[in-house]
Amino acid sequence: MAKLNELPINTYLQDKIFERMPMGLVVLDKEFKIRRFNPQWLEFGIKHFHLNQEDVIIGAAYYQLMPELEFQTRSFFEKVLQGETVKQSSVPITIDNVTTYWDTVLMPLEENGEITGIMQVVTDRTEDVRAQIRLTQTLESLRDRDERLNLIINGTNDGVWDWNLVTDEIYFSPRWKEMVGYADDELPNHLDTWRKRVHPDDVQIAMQAIQDH
């Protein structure tokens, strides 16, 4: 075995980059047996796919280690063996009813013009995608709430207003405007719309009451 200082500098650097990449890297042969992997790939496997570290050795069969993945990913691997580079974003993988999400790149490895294996690069996007899902659900909930509020506002005979204390923008319901003698399009949604219609003798007292509240 060559000593470290006898290795070509490019080979040494490539090895260091492979080991320290923040993405998971694994090299497979044409039979989907592991030929090389980096620590991050192993960490992903242990955390999300129930890999037993002692079982992850050179020559181990990828789909024997993670049989649940075969149905979900094999079609990607088959395309790569045909010479195609496959890139996928936020791919959902479900194990034991828990879904994780992955960015992945699968590249064919060639030797003397023949495809001899596959390199897979994976990035865990689970937290990002879950956060986006939660945001979407929150926005949908707010939209549903607004729709219900609009039904209530439009169905009641009461005047309704809502004040944004940061921008001084106020929503006045059409019924509120009607009650003070205006059509819906005649009054802007701003604090001054209300303030200008309070009796001058009452403005200071009213504003102080609002401030105290």
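Author: Helices (H or I, at least four residues) and strands (E, at least two) are DSSP runs, counted from the N terminus; Pro108 has its place in strand 4. The model is predicted, with local features requiring pLDDT of at least 70 and side-chain atom pairs pLDDT 80 or more, while totals for chains, interfaces and linings use all residues. Residues are numbered from 1 along each chain as its sequence is written, and side-chain values use heavy atoms, leaving out hydrogens and water.

Reader: Why is Pro108 called buried?

Author: Buried means under 20% relative accessible area, exposed over 50%, and partly exposed in between, with a 1.4 Å probe and protein chains only. Pro108 has a relative accessible area of 18%, so Pro108 is buried.

Reader: Which residues is Pro108 in contact with, leaving aside its neighbours within four places in sequence?

Author: Contact means heavy atoms within 4.5 Å. With those neighbours left aside, Pro108 is in contact with Val80, Gly83, Glu84, Thr85, Ile115 and Gly117.

Reader: What makes strand 3 and strand 4 a pair?

Author: Two strands pair if DSSP finds at least two bridges between them. Strand 3 and strand 4 run antiparallel and are joined by eight bridges, and Val86 stands opposite Leu106 in strand 4. The two strands form a hairpin with two residues between them, where Asp96 in the turn has a positive phi of about 50 degrees.

Reader: How many bridges pair strand 4 with strand 5?

Author: Ten bridges pair strand 4 and strand 5 in the antiparallel sense. Val122 in strand 5 is the bridge partner of Thr104. This hairpin also has two residues between its strands, and Asn112 in the turn has a positive phi of about 55 degrees.

Reader: Which strands pair with strand 1?

Author: Strand 1 pairs with strand 5 over six bridges, in the antiparallel sense, and with strand 2 over three bridges, likewise antiparallel. Leu28 stands opposite Ile118 in strand 5 and opposite Ile34 in strand 2. Strand 1 and strand 2 form a hairpin with four residues between them, and Phe32 in the turn has a positive phi of about 60 degrees.

Reader: What makes strand 1 "mostly covered"?

Author: Six of its six residues are buried. Gly24, Val26 and Leu28 point one way, Leu25, Val27 and Asp29 the other way, and all are buried. In a regular strand the side chains alternate between the two faces of the sheet.

Reader: What is the largest nonpolar core made of?

Author: A nonpolar core is a set of buried Ala, Val, Leu, Ile, Met, Phe, Trp, Tyr and Cys residues joined through side-chain atoms within 4.5 Å. The largest one has 30 residues, and Trp41, Tyr62 and Phe77 have the most contacts inside it. Elements that give two or more residues to this core include strand 1 (24–29), helix 2 (39–49) and helix 4 (68–81). Its largest share, five residues, comes from helix 4. Leaving aside neighbours within four places in sequence, Tyr62 is in contact with Val26, Leu28, Phe32, Trp41, Leu69, Phe77 and Gln120.

Reader: Which residues of helix 2 are buried?

Author: Gln40, Trp41, Leu42, Phe44, Gly45, His48 and Phe49 are buried in helix 2. After this helix comes His50, with a positive phi near 60 degrees.

Reader: Why is Leu142 called partly exposed?

Author: Its relative accessibility is 35%, so Leu142 counts as partly exposed. Leu142 has its place in helix 5 (residues 126–155).
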